[in-house]
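Hi there,

Here is the structure I promised to pass on to you. Have a look at it first, and then read on for my notes.

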Amino acid sequence: MAETATSKSMALAKAINESLRKALEADPKVLVMGEDVGKLGGVFRVTDGLQKDFGEERVIDTPLAESGIVGTAIGLALRGYRPVVEIQFDGFVFPAYDQIVTQLAKMHARSLGKVKLPVVVRIPYGGGIGAVEHHSESPEALFAHVSGLKIVSPSNASDAYWMMQQAIQSDDPVIFFEPKRRYWDKAEVNTEAIPGPLHKARVVREGTDLTLAAYGPMVKTCLEVAAAAAEEGRNLEVLDLRSVSPLDFDSIQASVEKTRRLVVVHEAPVFFGSGAEIAARITERCFYHLEAPVLRVGGYHAPYPPARLEEEYLPGLDRVLDAVDRALAY
């Protein structure tokens with residue numbers, strides 16, 4: 001697609017940067033906070049240039065204290081602000097877990113709906129970048145189990161741009177998982193488009209033989225699997241879930257009723273992962289449509305390995321294709 005006045009090619013990281021910039025311009029109550037988000041522009045340069053343009057009072061370099069970052073954001077939200085906080089890496093979120101699940105997620109219910117906490121917690125997540133320990137986790141299921149939080153993850157630059165806008169505009173707290181190994185993948189972004197609902201899944205490749213459901217970094221992998229399967233005459237549908245909580249079960253069901261087979265793919269461990277909930281719910285909803293059990297492909301129930309072994313840990317083309325073969329063999 002050729003670039004137009006409102007559409008241009010940009011990397012996923014740049015799309016988030018542009019989305020944050022637009023939000024900061026549109027609403028003086030929007031703040032960006034986190035470790036090294038200001039002068040450095042973030043370790044992935046996602047917030048590059050924002051402090052220079054909007055000042056240190058709106059793009060705030062915080063101490064290395066995740067619990068303090070989220071706790072401060074909660075206080076600011078109580079005073080009418082819309083903070084967007086960055087957790088520098090996925091494995092660093094756990095000192096803030098208490099603030100997120102006992103305060104951020106609960107305040108609306110605790111106040112009987114009187115208090116809203118419009119906080120976005122940005123978390124670069126997942127592996128594939130050759131990082132050290134605590135830098136390649138996929139903890140989304142830990143947050144999806146907590147009511148009161150919205151959990152989303154874009155797979156491409158266009159979704160990253162628009163989903164960030166929608167997350168910031170939400171009156172509910174949103175955990176925004178950013179697939180860090182896709183930060184440099186480019187796509188066309190129409191900054192004047194009318195986005196679809198934040199929690200609506202999207203079919204990104206039509207198919208008839210089997211549905212691959214994924215979100216975040218695994219969508220690209222599933223598209224590669226579908227392309228490889230097509231060379232063998234298999235027509236796979238790829239469904240980008242986009243949201244982990246709430247899950248768009250209606251769209252998953254519609255796809256499965258057409259293809260009659262489902263493989264769910266995510267980087268997080270399969271054991272008690274989001275794929276387990278999808279498999280259980282779709283089995284209930286589509287029992288008489290399914291021609292094979294719902295299969296799951298994901299990480300192993302083990303600590304994330306050293307960088308030189310991560311390709312063995314991460315779901316890749318061969319592992320997903322193996323699940324596709326097993327499903328189609330029924």
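Before the rest, some background. This is a predicted model, in which local features need pLDDT of at least 70 and side-chain atom pairs count only at pLDDT 80 or more, while totals for chains, interfaces and linings use all residues. Residues are numbered from 1 along each chain as its sequence is written, and side-chain values use heavy atoms, with hydrogens and water left out.

**Helix α10**

Helices here are DSSP runs of H or I with at least four residues, strands are runs of E with at least two, and both are numbered from the N terminus.

Helix α10 spans residues 274-285, and its 12 residues reach 17 Å from first C-alpha to last, close to the 16 Å expected at 1.5 Å a residue; that expected span is 1.5 Å times one less than the number of residues. S274, G275, I278, A279 and I282 are the buried ones in α10. They sit on the same side of α10 because they cover an arc of only 135 degrees around the axis, taken from the directions from the helix axis to the C-beta atoms. What covers them includes α6 (140-144), β12 (243-245), α9 (249-259), β13 (262-269) and β14 (295-299).

**Other salt bridges**

A search of the whole structure finds 22 salt bridges. One of them joins D172 and K150, whose closest N and O atoms are 3.5 Å apart. That pair links distant parts of the chain, 22 residues apart: D172 is in the loop between α7 (157-169) and β7 (174-179), and K150 is in strand β6 (residues 150-152).

E237 and K258 form another, with the closest N and O atoms 2.5 Å apart. E237 lies in strand β11 (residues 236-240) and K258 in helix α9, so the pair ties together parts that are 21 residues apart in sequence. E237 is buried, at 1% relative accessible area, whereas K258 is partly exposed at 37%. There is also a network of salt bridges linking R21, K52 and D53.

**A buried arginine**

R261 is in the loop between α9 and β13 and counts as buried at 10% relative accessibility. A polar atom of the R261 side chain lies 3.1 Å from the backbone oxygen of Y330. Leaving aside neighbours within four places in sequence, R261 has contacts (heavy atoms within 4.5 Å) that include D209, L210, T211, V256 and E291.

**The annotated domain**

An unreviewed UniProt entry places the feature "domain: Transketolase-like pyrimidine-binding" at residues 10-185; UniProt positions are given in the numbering used here, feature names are shortened, and annotations may be inferred rather than shown by experiment. Over residues 10-185 the chain is 36% helix and 17% strand, and the end C-alpha atoms are 8 Å apart.

Enjoy exploring it!

How values were computed
Buried < 20%, exposed > 50% of the residue type's maximum accessible area, 1.4 Å probe, protein only. Polar contact = N/O pair within 3.5 Å; in protein donor to acceptor, adjacent residues only side chain to side chain. Salt bridge = Lys/Arg side-chain N within 4 Å of Asp/Glu carboxyl O.
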